[in-house]
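Open your viewer and get ready to click along.

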Amino acid sequence: MSDLTLGIDISDLIARLAIVGGDEVLMQGVIAANRPGPIKDAAKKAVSNAKGKVEVVAVAVPSAADSIPADLAEALAGIGRGAPRAIGAGHAAAIGEQWRGVARGVKHMVSFSIAEHVTAGVLIDGTPLRGAHGLGSSVGWLALNPVEREDYRRLGGLEAEIASAGIVRRFVWRVKSGDQSRVADQVKGDFSKVAAADILQGARSGDGVSIAVVRDTAKYIGMAVANLVTIFDPELVVLGGIIASSGDLMLEPIRLEISRRLMPQQNGKVRVELSSLGDDAVAIGAAHAYA
């Protein structure tokens, strides 16, 4: 086996990798820690097990505005031919889903995901929309609230509201405002112990505050996706990250919110589906983008 491409996803708290050779995904997996040392060790081990020569190392970064951290680029030097190449996680996910996922064969599509960051990728006739400055699809900066806040200016309005930390922030705000929550009771006031996954599980268990936070999260997502659909008119929207892992809670509310906000001519014409590649979509797409 030769001419392999290694994709590494550093866009979330947990790093992942995938090796692509020809038209196959040869290997995919989780890296122990999202730091240069463990990533280098995992990459070398994966390449050795794949028994081939890696031509390109592609690193998926949180957004198109980000570059590969210098210490990571140094750690990966020598694994592929030349320096590792950066790709936005949203575009990587879109490419992965179109190649091996639920969007297979679809030329016009949008991927949308929330985790530590909010990411999106847009494919127009199968080609990623990068824009005049390479910043296309920086969806975390969508403005959906007329209020101006410091975290909006620092993170982007949408990311501040619905990335993992934003979900927790809105939950904590409700509890501090006087709402009662079993999830909050379990941590005895130490909100640093609350994660987005706890709130999602709380919603499944009937916790009122958690249900409200998840409901509002679905509304934000639905509004954002409706805006993207209005502008780009895709055939398909693929939802990933936390949305895919909590589709039982959010898929139908998101679909409803999208349908409420689309022009009549688009309603019923755009499919909205959960990612079929899950957390591996970004690494697989990053590798395939340079295969």
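Start by selecting R16, which counts as buried at 15% relative accessibility (buried means under 20% relative accessible area, exposed over 50%, partly exposed in between, with a 1.4 Å probe and protein chains only). Before moving on, note that this is a predicted model, where local features need pLDDT of at least 70, side-chain atom pairs count only at pLDDT 80 or more, and totals for chains, interfaces and linings use all residues. Residues are numbered from 1 along each chain as its sequence is written, and side-chain values use heavy atoms, with hydrogens and water left out.

**Salt bridges**

The side chains of R16 and D279 meet in a salt bridge, 3.4 Å from N to O (a salt bridge is a side-chain nitrogen of Lys or Arg within 4 Å of a carboxyl oxygen of Asp or Glu). R16 lies in strand 2 (residues 16–21) and D279 in the loop between strand 10 (271–274) and helix 12 (281–289), so the pair ties together parts that are 263 residues apart in sequence. Helices (H or I, at least four residues) and strands (E, at least two) are DSSP runs, numbered from the N terminus. D279 is partly exposed, at 46% relative accessibility.

Next, select E55 and R81. Their closest N and O atoms are 3.4 Å apart, in a salt bridge. E55 sits in strand 4 (residues 54–61) and R81 in the loop between helix 2 (70–76) and strand 5 (85–88), so this pair ties together parts 26 residues apart in sequence.

For another pair, pick E273 and R255, whose side chains meet in a salt bridge of 3.3 Å, N to O. E273 is in strand 10 and R255 in helix 11 (residues 247–261), 18 residues apart. E273 is partly exposed at 25%, and R255 is partly exposed at 27%.

Then select R149, D151, E161, R169 and R170 together: a network of salt bridges links them. The structure holds 20 salt bridges.

**Strands and a crossover**

Show the cartoon and go back to strand 4. Strand 4 and strand 5 run parallel and are joined by four bridges (two strands pair if DSSP finds at least two bridges between them). Select A58 to find it opposite R85 in strand 5. From strand 4 the chain passes through helix 2 to strand 5, a right-handed β-α-β crossover: with the strands pointing away from the viewer, the path from the first strand over the helix to the second runs clockwise.

Another stop is an open sheet of five strands in the order 8-7-6-9-10, with mixed pairing. Strand 8 (127–128) and strand 10 stand at its edges with a single partner strand each, so one side of each is left without a neighbour in the sheet. Strand 8 runs antiparallel to strand 7 (residues 118–124), with two bridges joining them. Look there for I124, whose bridge partner is T127 in strand 8.

**A helix to finish**
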